[in-house]
Amino acid sequence: MSAALNGISSMATRQVLADLSEAWQAQGGEPVQIESVGGIDAAQRVQSGDEAFDVVFLAAQAIEKLRDS
């Protein structure tokens, strides 16, 4: 079994990502671990670079700020 796909998201997408992860894994997909936290906290954690994330789910403006920083 492969390592789980590791991600972070804002709380706004928590339920939809949980539902998608569950459906994906039920179809035989690899494990998915998405941590949902406040959007500002998520952006700060991504920007710090102290943690590795395979995927990041944030509002478009937050992603743009991360990209431009």
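Predicted model: local features only at pLDDT ≥ 70, side-chain atom pairs only at ≥ 80, totals over all residues.

Guide: Apart from neighbours within four places in sequence, A42 is in contact with I8, S9, V37 and L58. A42 also belongs to the largest nonpolar core, a set of 7 residues that includes I8, V37 and L58 as well as A43, F53 and L66. In soluble globular proteins, nonpolar side chains tend to be buried together.

The sheet comes next. An open sheet is formed by 3 strands in the order β2-β1-β3, with parallel pairing. Strands β2 (32-37) and β3 (55-57) are at the edges, and each has a single partner strand, so one side of each lacks a neighbour in the sheet. On average, neighbouring strands of this sheet are turned by 20° against each other, direction ignored.

Strand β1 covers residues 5-10 and runs parallel to β3, to which 3 bridges join it. S9, one of the contacts of A42, stands opposite F57 in β3. Helix α1 (residues 14-26) packs on the sheet and touches β1, β2 and β3. The direction of α1 makes about 175° with that of β2.

S10 is also in strand β1. Its relative accessible area is 13%, which is under the 20% cut-off, so S10 counts as buried. Leaving aside neighbours within four places in sequence, S10 is in contact with S36, V37, G39, F57 and L58.

Definitions and conventions. Residues numbered from 1 in each chain as written. Heavy atoms only, no water. Core = buried A, V, L, I, M, F, W, Y, C linked by side-chain atoms within 4.5 Å. Buried < 20%, exposed > 50% of the residue type's maximum accessible area, 1.4 Å probe, protein only. Contact = heavy atoms within 4.5 Å. Pairing = 2+ DSSP bridges. Helix = DSSP H or I, 4+ residues; strand = E, 2+ residues; numbered from the N terminus. Axes fitted to C-alpha atoms, helices over the stretch in contact; angles between N-to-C directions.
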